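Biologist: I have a new structure to look at. Can you walk me through it?

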Amino acid sequence: MIAINYVHERERMVREQLEGKGIRSVPVLQAFRKVPRHLFVAPGTEEFAYEDRPLGIGEGQTISQPYMVATMTEALELSGGEKVLEIGTGSGYQAAILAELGCSVYTIERIESLSMEARRKLEQAGYPNLHFRVGDGTLGWPEEAPFDRIVVTAGAPDAPVELLRQLREGGCLLIPIGGERRQDLVRFRREEGRVTRQTICACSFVKLVGTEGWPEE
Ligand code: SAM
């Protein structure tokens, strides 16, 4: 069996899938060079960790495609030190990227086993200081609000009002909005008391299930 050179694979991913497709932010590209994505995929799928596609992580959920994680991270326009709420911990990979960029990360996952596994992987990968919650992320984390940034990594029918409420003045909420299979990635900004809306790109995420999301099946 030939051992995989993950550092080499990661560099290839950054050059071909991120830089090659238009990701320009140097800090974002550096974060993707550092975070070991193969630690966040399901056991047995490590050899596909640096391919340009989402992968199953169990419970019918996915770790998102690297390019989409990078697009979302770049669209958050971080300068380091922001307090960020992530909805949909999943594998923990997006949370690791945010931590690598110097953010204070609060992350909510509705499926307890995924949250537990993500916590274990984040510690193993060297990111021990994140804040985890198991529950319905469409309700946000009121005790810790306001947040500088909120990123939702599952597709919703519309922006949860409670998340917009928990956004700091000058902050933004990034969320896939649309149907059950296809959405638009939308950025909401809270500026001078007003909320503006901008579409970034088309995307396809698993469903945001909850009070202000899709109903549970
Ligand atoms: N950010 C993740 C990563 O880096 O691996 C990918 C997230 S995956 C595409 C979407 C996640 O959102 C799933 O783990 C799903 O269980 C979770 N989810 C769906 N609805 C949720 C809700 N209301 N609150 C919290 N998590 C939710």
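Biologist: Are tyrosine 106 and phenylalanine 147 buried or exposed?

Modeller: Both tyrosine 106 and phenylalanine 147 are buried in this predicted model.

Biologist: How far apart are the ring centres of tyrosine 106 and phenylalanine 147, and at what angle are the planes?

Modeller: The centres are 5.8 Å apart and the planes stand at 65°, so this pair is edge-to-face. The pair links distant parts of the chain. Tyrosine 106 is in strand 4 (residues 104-109), phenylalanine 147 in strand 6 (residues 147-152). They are 41 residues apart.

Biologist: What lies over the face of tyrosine 106?

Modeller: Lysine 83, at 5.1 Å from the ring centre. Elsewhere, the charged end of arginine 53 sits over the ring of phenylalanine 48, 5.0 Å from the centre.

Biologist: How many aromatic pairs does a search of the whole structure find?

Modeller: Five. One of them joins phenylalanine 32 and tyrosine 93, with ring centres 6.0 Å apart and planes at 75°, so that pair is edge-to-face. Phenylalanine 32 belongs to helix 2 (residues 26-34) and tyrosine 93 to helix 4 (residues 93-100).

Biologist: Which residues form one aromatic cluster?

Modeller: Phe32, Phe40 and Tyr93.

Biologist: New topic. Where is arginine 149 found?

Modeller: In strand 6. Arginine 149 is buried, with a relative accessible area of 12%.

Biologist: What does arginine 149 touch?

Modeller: Leaving out residues up to four places away in sequence, its contacts include Glu77, Glu82, Lys83, Leu167 and Cys172. A polar atom of the arginine 149 side chain lies 2.9 Å from the backbone oxygen of glutamate 77.

Biologist: Now the sheet. In what order do the strands come?

Modeller: Seven strands form an open sheet, ordered 5-4-3-6-7-8-9, with mixed pairing.

Biologist: Which strands stand at the edges?

Modeller: Strand 5 (131-134) and strand 9 (194-203). Each has a single partner strand, so one side of each is left without a neighbour in the sheet. On average, neighbouring strands are turned by 15° against each other, direction ignored.

Biologist: In what sense do strand 4 and strand 5 pair?

Modeller: Parallel, over four bridges. Valine 134 in strand 5 is the bridge partner of glutamate 109.

Biologist: Which helix packs on the sheet there, touching strand 4 and strand 5?

Modeller: Helix 5 (residues 112-124). The direction of helix 5 makes about 165° with that of strand 5.

Conventions. Residues are numbered from 1 along each chain as its sequence is written. This is a predicted model: local features need pLDDT of at least 70, side-chain atom pairs count only at pLDDT 80 or more; totals for chains, interfaces and linings use all residues. Side-chain values use heavy atoms; hydrogens and water are left out. Rings of Phe, Tyr and Trp (its six-membered ring) pair if their centres lie within 6.5 Å; planes under 30 degrees apart count as stacked, over 60 as edge-to-face and the rest as tilted. Helices (H or I, at least four residues) and strands (E, at least two) are DSSP runs, numbered from the N terminus. Buried means under 20% relative accessible area, exposed over 50%, partly exposed in between (1.4 Å probe, protein chains only). A charge sits over a ring if NZ of Lys or CZ of Arg is within 6 Å of the ring centre and within 35 degrees of the ring normal. Contact means heavy atoms within 4.5 Å. A polar contact is a pair of N or O atoms within 3.5 Å; within protein, one must be able to donate a hydrogen and the other to accept it, and residues adjacent in sequence count only if both atoms are side-chain atoms. Two strands pair if DSSP finds at least two bridges between them. Axes are lines fitted to C-alpha atoms, for helices over the stretch in contact, and angles run from 0 to 180 degrees between N-to-C directions.
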